[in-house]
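Student: I would like to go through this structure with you, one piece at a time. Could we start from a helix and work outwards?

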Amino acid sequence: MSHINQEPFPKLALVAAATLIGFALTAAAAGRFTRVANADTKIEQASAPIAARDLTFFDMADGSVEVRDANGQSVVFVAAPGTNGFIRGVMRGLARNRHAHGYGQAPAFRLSQWPDGRLSLQDLATGKNIDLSAFGASNRAAFAQLLAT
């Protein structure tokens, strides 16, 4: 018989491991349920955007995505089928979130450029906010064109 089978596992190691796991779960739950604001949220609340535009996105029958200005309903941009994958991906995720909360596609999204150069997209229906600058310059530029037109 081996030496491991003859001696019991050290109780102190088991207690330490259980304590560490319990602390990690408690800290994660506390962070999740207290909704502690991150630094980016505090910065956005403290400053005003230098440019902002409310936009609506509509899936068309031919597979394209039509972007309209929410104020005048004029067409700002049309993403042809199979193009603009980043815009489509972001909007698909936001649409899924809206569907889960019972909203349709009619409420607008606010595209904002901040003084520090960041670009963000906020769902005005659910309050979800995405920092588009975090996805790199080329993906940021895909949305920046919607602000410029």
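This is a predicted model: local features need pLDDT of at least 70, side-chain atom pairs count only at pLDDT 80 or more; totals for chains, interfaces and linings use all residues.

Student: How many residues does α5 have, and what span does it reach?

Tutor: α5 has 12 residues and reaches 16 Å from its first C-alpha to its last, close to the 16 Å expected at 1.5 Å a residue.

Student: Which residues of α5 are buried?

Tutor: The buried residues of α5 are Ala142, Phe143, Leu146 and Leu147. They lie on the same side of α5, because the arc they cover around the axis is only 145 degrees.

Student: Why would positions spaced like that point the same way?

Tutor: An α-helix has 3.6 residues a turn, so residues three or four places apart point the same way.

Student: And what is exposed on the other side of α5?

Tutor: Ala137, Ser138 and Ala148 are exposed there.

Student: What covers the buried residues of α5?

Tutor: The cover includes the strands β1, β2, β3, β4 and β5, together with helix α4. Helix α4 spans residues 85-101 and lies across β1, β2, β3, β4, β5 and β6. Relative to β5, α4 runs at about 30 degrees.

Student: Now the sheet. In what order do the strands come?

Tutor: The order is β3-β2-β1-β4-β5-β6, in an open sheet of six strands with antiparallel pairing. β3 (75-79) and β6 (129-131) stand at the edges with a single partner strand each, so one side of each has no neighbour in the sheet. On average, neighbouring strands are turned by 25 degrees against each other, direction ignored.

Student: How many bridges join β1 to β2, and which residue stands opposite leucine 55?

Tutor: Five bridges join β1 to β2, and leucine 55 stands opposite aspartate 69 in β2. The two strands form a hairpin with five residues between them, and glycine 63 in the turn has a positive phi of about 95 degrees.

Student: What about β2 and β3?

Tutor: That antiparallel pair has four bridges, with valine 67 opposite phenylalanine 77 in β3. Their hairpin also has five residues between the strands, and glutamine 73 takes a positive phi near 60 degrees.

Student: Let me move to β4. Where does serine 112 sit, and is it buried or exposed?

Tutor: Serine 112 is in strand β4. Serine 112 counts as buried because its relative accessibility is 4%, and the cut-off for buried is under 20%.

Student: Which residues does serine 112 touch?

Tutor: Leaving aside residues up to four places away in sequence, serine 112 touches Pro49, Ala51, Ala52, Arg118, Leu119 and Ser120. Serine 112 is also the bridge partner of alanine 52, in a pairing where five bridges join β1 to β4.

Student: And the link from β4 to β5?

Tutor: Strand β4 (residues 109-113) runs antiparallel to strand β5 (residues 119-123), and five bridges join them. Leucine 111 has leucine 121 in β5 as its bridge partner.

Student: Finally, what are the overall figures for the chain?

Tutor: The chain has five helices and six strands, running α-α-α-β-β-β-α-β-β-β-α from the N terminus. Of its 149 residues, 26% count as buried. The chain exposes about 9,600 Å², and carbon and sulfur atoms supply 61% of that area. Among contacts between residues at least 6 apart in sequence, 45% join residues at least 24 apart.

Technical notes: Residues are numbered from 1 along each chain as its sequence is written. Side-chain values use heavy atoms; hydrogens and water are left out. Two strands pair if DSSP finds at least two bridges between them. Axes are lines fitted to C-alpha atoms, for helices over the stretch in contact, and angles run from 0 to 180 degrees between N-to-C directions. Contact means heavy atoms within 4.5 Å. Buried means under 20% relative accessible area, exposed over 50%, partly exposed in between (1.4 Å probe, protein chains only). Accessible areas come from the Shrake-Rupley method with a 1.4 Å probe; for residues, only the protein chains shown count as cover. The expected span of a helix is 1.5 Å times one less than its number of residues. The arc is that of the directions from the helix axis to the C-beta atoms.
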